[in-house]
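Subject: Structure handover

Hello,

Here is the structure I promised. Please open it alongside this note; my findings follow below.

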Amino acid sequence: MQQNPSPSEPIVSLRDVKKSFGPLLVLDGVSFAVQRGEVLALIGRSGSGKSTALRCIDRFEKVDGGEIVVCGHRVDRPDVNLRALRQDVGIVFQSYNLFPHLTIEQNITLAPCAVKGVATAQAKDLARKVLAQVGLEEKLHAYPEQLSGGQQQRAAIARSLAMQPKVMLFDEVTSALDPELTAEVLRVIEQLAADGMTMVMVTHEMGFAKGIADRIVFMHRGKVHETGPASILTSPTTPELTQFVGTGNLKS
Amino acid sequence: MGGHLNINHLMFLGQGALWTVGLSVIALIGGGIVGFVIALARISPLKSVRIASAVYVQLIQGTPLLVILFLGYFGLAAIGLKVSPLAAAGASLTLYVAAYLGEIWRGCIQSVPKPQWEAAEGLALSRTQRMTKVILPQAIRIATPPTVGFMVQIIKNTSLASVVGFVELMRSGQIVNNSLFEPFAIYAIIAVTYFAMCYPLSLFSQKLEQRMGRGRSTLAPA
């Protein structure tokens, strides 16, 4: 089930993925691949299937057809080792989802200690390191409710990083934040990209997608409608993408 | 018949009150343990386990406690199992309390926002780890006020154990009344004693709920 991917193999690949919620066909034969170190932005209208596609990568949704390979795991198969998959994949959500009963440090050390068996002292060092990465060292002992939305989201990113994932998924991570807090979260993601992290992000921040993404996948009605380098946002070839970027604000 | 209410009668009632407390504690501990298993079974990934536990809850909730007590005491005797009133009352109340606490706690576990489960899943925690380290600590906070509130029901319902001859507060009152025949005075004493046991718990439950209300933001998903 799990082969060691050769360096040339993509970290994430979807081939002809289909997914329905009841009678509603959400993914209608979606294919794309993400190479090591690549940043891929999934864009599209609400309901176009981009979030579902992202969630399928971490198997929060089971697909009805097609093939998904993530870090060598055959995610579409029922016998996929979910815990192994999720050690390789980090996911950050729109609503942060920090654990409210734990301090930021405990939020971060929980999974490394429980899943990987990292010693407590080592895990605490790790927590300091990842919090420094997101600029929140001083919040080590704070509880989530004491943090602003932007800080909570940065802490959630740090929590994911502590598991040292091979690929990070971002599901509209700035949609709940005002522009100022959005900027501080985006700076963290930019730094991750600069450090070479492989990332797939669903985003409505077109300016950000243009600045950071190596490749854009524009989804429309459950299909990959247009894909290409970030430049397709400024010179789209399909009328749908033209209309989509025309309605958004293309700040850089 | 004859005589007046004296210190010996009051001592006897006091002893009954202690057994009421004792039976309540047995019901709470036994029902708590079984109820916890029921709560987990109700949200099990296995459909058969979910159905079996749901059937149990429905059966118990649809049966008067009085009937459960009779079944426990006379039913077991009929099939040759002689059980003491304490054992019958303790077992019956345990089954009864488990059904209700199981449902209360299932609701509390499920009221922890779904994204919390997903976040824990995304971090590769096993189901047991998700439960013990992420969900239950949050569910316990939610569950405390209704659980304390339900304890009041348990205390009052132990009075039904008098029908199987278990001498708790109610039964001791009946016994004293049989010799004195002063029902109003005696049952007034009984009522006040129950109230004195239940009211502090009710107050405590209300206080907990108020505190929960203030701290609600800590339970929201974000």
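First, a term: two strands pair if DSSP finds at least two bridges between them. Helices (H or I, at least four residues) and strands (E, at least two) are DSSP runs, numbered from the N terminus.

This is a predicted model: local features need pLDDT of at least 70, side-chain atom pairs count only at pLDDT 80 or more, and totals for chains, interfaces and linings use all residues. Residues are numbered from 1 along each chain as its sequence is written, chains are lettered from A and ligands numbered from 1 in the order in which they are written, and side-chain values use heavy atoms, without hydrogens and water.

Strand β3(A)

β3(A) runs parallel to β8(A), residues 198-202, with four bridges. There, Leu42(A) has Val202(A) as its bridge partner. β3(A) also runs parallel to β9(A), residues 215-220, with five bridges. Ala41(A) is partnered by Ile216(A).

Helix α4(A)

The buried residues of α4(A) are Ala123(A), Leu126(A), Ala127(A), Val130(A) and Leu131(A). They cover an arc of only 130° around the axis (taken from the directions to the C-beta atoms), so they sit on the same side of α4(A). The face turned away carries Ala121(A), Gln122(A) and Lys129(A), which are exposed (over 50%). After α4(A) comes Gly135(A), with a positive phi near 70°.

Best wishes

Definitions and conventions: Buried means under 20% relative accessible area, exposed over 50%, partly exposed in between (1.4 Å probe, protein chains only).
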